[in-house]
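Good morning, colleagues. Please look at the model on the screen while I go through the ligand site and the pockets.

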Amino acid sequence: MRKPIIAGNWKLNKTIAESRELSAQLAKSLKEIDDREIIIAPVYTALATVADVIKSSPIQLAAQNCYPEKDGAFTGEVSPEFLQDAGCQYIIIGHSERRQLLNETDHFINQKLFRVLETGLKPILCIGETLQERENNRMLDVLTTQIKGGLANLTAKQMATVVIAYEPVWAIGTGKTASAEQAEDVHSFIRGLLQELFDSKVATQTRILYGGSVKPNNVDELMSQKNIDGALVGGASLNAEDFVRLVQFEN
Ligand code: PGA
């Protein structure tokens, strides 16, 4: 009942020409897929170009971030309305790189989430613990704080289009993947928390993606876990062949 999602986060990679080429390769290889959602998140400058390339394919477009205002005197920022105008359906928010490098707080992330929903776009809320937090047995507290803060004041109804991505910081771009069992444990914990904070419908319907060194050789095992509903992929999404294989996961 939860449609799986394979999402590629291109981060700060690929020029407009390279983005056009990669998205064209994906659009060619990934036709008529309707049992899973496919999302790609290029840099801002390539969004409109990629939107045009994938318009007749099942691939959806995401932005990697947004600013929680509509328009006005916010130099250098981009709002959900403008991302919608560029062709996005999804917006990734609270990625650990932004939390760490740009000091994004749960409160700021929560404001973005509301604005994304107000615009009619779908948020992918990222959460995840650092290695130190895991080793100090603070993982569950950290994840609870991120979920409670990020989803603060949301109604069960508003949760309908929210996607959560669990990305342990120590597994991002390091080649270290959480084992399928470690990931499943955390996903099941998150689902329990959603039940507590909202209700059982939200807990059963919310898609929870895993992220952190997802590759063609581990995707099937991860996707075979009961509470893993998809993957948010960095490195392996930059290569057409790898990303196509990820979308074609078997479970
Ligand atoms: P990775 O990145 O697949 O390169 O580890 C995942 C992410 O940061 O979303």
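The shell around the ligand is made up of seven polar, four nonpolar and two charged residues. In this predicted model, 13 residues surround the ligand, and the closest are Lys-11, His-95, Glu-167, Gly-173 and Ser-213.

Which residue has a side-chain N or O atom 2.6 Å from an oxygen atom of the ligand? That residue is Glu-167. The backbone also takes part: Gly-234 places a backbone N or O atom 2.8 Å from a ligand oxygen atom, and for Gly-235 a polar backbone atom is likewise 2.8 Å from an oxygen atom of the ligand. How much of the ligand's area does the protein bury? On its own, the ligand exposes 290 Å², and 97% of that is buried by the protein.

The ligand takes up the space of the second largest pocket, whose volume is about 150 Å³. This pocket is lined by 16 residues, and those closest to its centre are Lys-11, Gly-173, Ser-213, Gly-234 and Gly-235. By class, the lining of the second largest pocket comprises nine polar, four nonpolar and three charged residues.

What, then, of the largest pocket? Its space amounts to about 330 Å³. There are 13 lining residues, of which Lys-11, Leu-12, Gln-64, Asn-65 and Arg-98 are the closest to the centre of the largest pocket. Helix α4, residues 96-101, contributes the most to this lining, with three residues. The lining of the largest pocket divides into six nonpolar, four polar and three charged residues.

One residue deserves a final remark.

Definitions and conventions:
Residues are numbered from 1 along each chain as its sequence is written. This is a predicted model: local features need pLDDT of at least 70, side-chain atom pairs count only at pLDDT 80 or more; totals for chains, interfaces and linings use all residues. Side-chain values use heavy atoms; hydrogens and water are left out. A residue is near a molecule or strand if one of its heavy atoms lies within 4 Å of it. A polar contact is a pair of N or O atoms within 3.5 Å; within protein, one must be able to donate a hydrogen and the other to accept it, and residues adjacent in sequence count only if both atoms are side-chain atoms. Accessible areas come from the Shrake-Rupley method with a 1.4 Å probe; for residues, only the protein chains shown count as cover. On a 1 Å grid over the protein atoms alone, a cavity is a set of points where a 1.4 Å probe fits but cannot get out, and a pocket is an open set with protein on both sides within 12 Å along at least five of seven lines; lining residues have an atom within 4 Å of a point. A molecule sits in a cavity or pocket if more than half of its atoms lie within 2 Å of its grid points. Ala, Val, Leu, Ile, Met, Phe, Trp, Tyr, Cys and Pro count as nonpolar, Asp, Glu, Lys and Arg as charged, and the others, Gly among them, as polar. Grid points are joined across faces, edges and corners, and a volume is the space filled by probe spheres set on the points. Helices (H or I, at least four residues) and strands (E, at least two) are DSSP runs, numbered from the N terminus.
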